[in-house]
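Please open the model in your viewer and keep the selection tool at hand. The tour goes from one selection to the next.

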Amino acid sequence: MAQSQPIYKPTKRGGGGLLKMLWWQGPTLLNPHFAVGTKDQDGSRVFYEPLAGWDSAGNLRPVLAAAIPGREDGTLAADGKSVTWKLKQGVTWHDGKPFTADDVVFNWQYASDPATAATTVGTYKDIKVEKVDDHTVKILFDKPTPYWADAFVGTRGMILPKHLFADYIGAKSREAPANLKPVGTGPYKFKDFKPGDMVAGEINTNYHMENRPYFDSVEMKGG
C-alpha cells in the first residue's frame, strides 16, 4: 500500500451550511453492529468512526488510529498472528468523555458475545483483543491471517462508547437508548432520527480532525 496522503487540505471548519443527502432507503437503526444493510451502516457512520477506513483507491486511511500498522515498525507481526493499533490521542466522545483503548476492547467483547446478536459477529468471534496501554490495543489471531484489516476497520469497524453500552451487552443489547440516539466521535453530533425516513446531525465543533467538517449540518433522507 502506498503511504500517500490525500491531496485535499481543508482550510476551515464549518461554513458550508446544510448538506442534504438522498438515499434509496432511510436507516432503520443507528447501531453499526446491528446494521442489516448499507443504509444502516451509512446512517451510523455520520456519528461513529472506525480505527481506519478505505479510500477510493483501496488504501487504508487512519481515522481513530494514529497510524496504519506495518511491518516496518513491528505493529504488523511477521508471523501474521497479531496486529497492534496505536490510537489517536485527545479524541473525545460527543458527550466529552475520552476515547481510549478500553472502548476498543469493549467493542470486541460486545460484538463477539453471541447473546448480543450483532451482525458483525463474524468479524470478532475468532479474535482476541488486548489492551496494551490507554492508547494501544493488540489483536491476536489463532492462525496466520493475511486479511488483518477487518476488525475495527470500515463499515464493520465503527466503535461504540463503552460507558454508554457496557450495561447493554448480551441479551439486553436491543434495550440501549443509544441504539437510536448515537454518541460517537464523528464529525456530526446526533440531532434527530425518524426510522425509515431521515437522520440529522449537527457539526461537532470538537472534532479531532483539523478544519473538518465543512458542512454545519447534514440530513440523510430515504426515499
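The stops below visit a sheet, a helix beside it and a nonpolar core.

This is a predicted model, in which local features need pLDDT of at least 70 and side-chain atom pairs count only at pLDDT 80 or more, while totals for chains, interfaces and linings use all residues. Residues are numbered from 1 along each chain as its sequence is written, and side-chain values use heavy atoms, with hydrogens and water left out.

Select β4 (82–86), β5 (127–133) and β6 (136–141), strands being DSSP runs of E with at least two residues, and helices runs of H or I with at least four, numbered from the N terminus. These 3 strands form an open antiparallel sheet in the order β4-β6-β5, where pairing requires that DSSP finds at least two bridges between two strands. Because β4 and β5 stand at the edges with a single partner strand each, one side of each has no neighbour in the sheet. Between β4 and β6 there are 5 bridges, and tryptophan 85 has valine 137 in β6 as its bridge partner.

Now select Leu51, Trp85, Phe99, Ile139, Trp148 and Phe152, which touch the most other members of the largest nonpolar core, a set of 32 residues. Such a core joins buried Ala, Val, Leu, Ile, Met, Phe, Trp, Tyr and Cys residues through side-chain atoms within 4.5 Å, buried meaning under 20% relative accessible area (1.4 Å probe, protein chains only). The largest share of this core, 5 residues, comes from α2.

Finish at isoleucine 139, whose contacts (heavy atoms within 4.5 Å), leaving aside neighbours within four places in sequence, include Trp85, Val129 and Phe152.

Definitions and conventions
Buried means under 20% relative accessible area, exposed over 50%, partly exposed in between (1.4 Å probe, protein chains only).
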